[in-house]
Amino acid sequence: MEFEKYIRDIPDFPEKGIVFKDITTLLINSEVFSKVIDKMAESYKKKKIDKVVGIESRGFIFGGMLSYILGAGFVPARKAGKLPHKTIRESYSLEYGESIIELHEDSIKKGDKILLVDDLLATGGTAEAVVKLITRLGGEISGIEFLIELDFLNGREKLDGKKIHSLIHY
Ligand code: AMP
């Protein structure tokens, strides 16, 4: 299936020069959305995954579905100040702007097998920060799934050595 047909480009959003990849046009199509989830889950169905970590906010959409399919718990990686209990945090730079991301310190146990998921890999700063947080808590990353990867930004270089899979490449 040509998933890219269902992605809408929004030029100059949220800032001039950024072409925002709008995935809402894919999500409203139930057949395409379920095929995306099946594809993301494919290589993990026979593996033991303890937790799926989804990155705020669009990573939650895929992460919740994947945790259901894989029989794993779901862990939200959230922007600063959103998680109510004790957190660990990392700061990082985005394709646009700077940010801080957090995990609850009790969300991952040493040795947990983790599938990390987000909608889009751009510069890799966000995913790299979450990889650091998972690693600090002793989690072992089994793989990272993205719906979209912007190849020209070389984000995967920041995730060196990890199993990375993206359904759409630009
Ligand atoms: P990065 O840390 O540069 O890899 O940025 C990835 C995060 O920013 C993801 O959570 C994306 O949802 C969001 N993002 C970055 N660039 C874009 C873009 N061009 N279109 C849509 N989302 C983006």
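Ser57 sits in the loop between strand 3 (51-55) and helix 3 (58-70). The peptide bond that joins Glu56 to Ser57 is cis, with omega about -10°. This is a predicted model, in which local features need pLDDT of at least 70 and side-chain atom pairs count only at pLDDT 80 or more, while totals for chains, interfaces and linings use all residues. Residues are numbered from 1 along each chain as its sequence is written, and side-chain values use heavy atoms, leaving out hydrogens and water.

**Overall build**
- The protein has four helices and nine strands, where helices (H or I, at least four residues) and strands (E, at least two) are DSSP runs numbered from the N terminus.
- Read from the N terminus, the order of elements is β-β-α-α-β-α-β-β-β-β-α-β-β.
- The radius of gyration (over C-alpha atoms) is 15 Å, close to the 15 Å of the globule rule for 170 residues, so the protein is as compact as a globular protein of that length; the rule is 2.2 Å times the number of residues to the power 0.38.
- The C-alpha trace spans about 40 × 35 × 30 Å along the principal axes of the protein.
- Of contacts (heavy atoms within 4.5 Å) between residues at least 6 apart in sequence, 58% join residues at least 24 apart.

**Surface and charge**
- Among the 170 residues of the protein, 46% are buried; buried means under 20% relative accessible area, exposed over 50%, and partly exposed in between (1.4 Å probe, protein chains only).
- The protein exposes about 8,700 Å², and carbon and sulfur atoms supply 51% of that area.
- There are 26 positive and 27 negative side chains, with the centres of the two sets 5 Å apart; Lys and Arg count as positive, Asp and Glu as negative, and His and the chain ends are not counted.

**Strands 7 and 8**
- Strand 8 (residues 140-149) is largely enclosed by the rest of the structure, because eight of its 10 residues are buried.
- Strand 7 (residues 113-121) pairs with strand 8 in the parallel sense over eight bridges; pairing requires that DSSP finds at least two bridges.
- Val117 stands opposite Glu145 in strand 8.

- Most residues other than glycine have a negative phi, and most peptide bonds are trans.
- The bond from Phe13 to Pro14 is cis, with omega near -5°, and Pro14 is in the loop between strand 1 (8-11) and strand 2 (19-22).
- Asp12 lies in the loop between strand 1 and strand 2; its phi is positive, near 60°, and Asp12 is partly exposed at 40% relative accessible area.
- Asn154, in the loop between strand 8 and strand 9 (164-169), has a positive phi of about 55° and is partly exposed at 41%.

Note on methods. Accessible areas come from the Shrake-Rupley method with a 1.4 Å probe; for residues, only the protein chains shown count as cover. The place of a charge is taken as NZ of Lys, CZ of Arg, CG of Asp or CD of Glu.
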